[in-house]
Amino acid sequence: MQHISIIPSTQIDTTKWNACVANNANGLIYANSFYLNHFCKNWFGLVVNNYELIFPIPTKKKLGIQYAYMPAFTQQLGFIGNLNLITTNACKCHSTFYTICIALLKF
């Protein structure tokens with residue numbers, strides 16, 4: 001069974017997070033914790049099974065509504081790690097899963 005959690009950036013284990021980015025071919029510099037911390041005031045990380053699969057979620061708040069956005073100087077963000085953990089029951093594509101993740105954020 002997969003354990004999926006959405007963790008605020010202040011509680012993420014940056015060593016494991018950055019190791020996941022560095023050790024996977026689909027890991028880009030934009031997903032490193034130091035990059036996200038520099039360009040995003042607030043962000044969350046979707047973490048599956050002890051950092052086997054991660055997904056950064058940068059957020060902002062406007063008029064009391066929290067929303068996800070693409071930070072400045074960031075070309076792309078997405079799933080990083082073992083993509084086989086993404087099941088067809090959870091999502092059909094990355095964008096659908098991203099929408100589900102945002103719906104799960106605690107406002």
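You will find phenylalanine 44 in strand E2, which covers residues 42-48. From there, look across to phenylalanine 55: this residue lies 11 residues away along the chain, and the two C-alpha atoms are separated by 8.5 Å.

Keep in mind that what you are looking at is a predicted model. With that said, let us step back and take in the whole chain. The chain has 107 residues, of which 38% are buried. Its exposed surface comes to about 6,600 Å², and carbon and sulfur atoms supply 57% of that. Among contacts that join residues at least 6 apart in sequence, 64% link residues at least 24 apart.

A second stop is glutamine 66, which belongs to strand E4, residues 65-68. Is glutamine 66 buried or exposed? With a relative accessible area of 15%, glutamine 66 is buried. Its side chain also has a partner: it makes a polar contact with the side chain of threonine 59, at 3.2 Å.

Next, move on to threonine 74, in the loop between E4 and strand E5 (80-81). Although threonine 74 sits in a loop, this residue is buried, and its relative accessible area is 10%. Which residues does threonine 74 touch, leaving aside those up to four places away in sequence? They are Tyr30 and Tyr35. Leucine 36 gives another view of this spot: 38 residues separate leucine 36 from threonine 74 in sequence, while their C-alpha atoms are 9.1 Å apart in space.

The mean pLDDT of the chain is 82, and 79% of the residues reach 70 or more. Confidence is highest in helix H1 (residues 14-22), with a mean of 95, and lowest in helix H3 (residues 94-104), with a mean of 48. Over residues 88-97 the pLDDT stays under 50, and the model has 8 contacts for this stretch beyond four places in sequence. Residues 102-107 are also below 50, with 10 contacts in the model beyond near neighbours in sequence. Where pLDDT is low, predicted coordinates should not be read in detail.

Notes: Residues numbered from 1 in each chain as written. Predicted model: local features only at pLDDT ≥ 70, side-chain atom pairs only at ≥ 80, totals over all residues. Heavy atoms only, no water. pLDDT = per-residue confidence, 0-100. Helix = DSSP H or I, 4+ residues; strand = E, 2+ residues; numbered from the N terminus. Contact = heavy atoms within 4.5 Å. Buried < 20%, exposed > 50% of the residue type's maximum accessible area, 1.4 Å probe, protein only. Areas by Shrake-Rupley, 256 points an atom, 1.4 Å probe, with all protein chains shown as cover. Polar contact = N/O pair within 3.5 Å; in protein donor to acceptor, adjacent residues only side chain to side chain.
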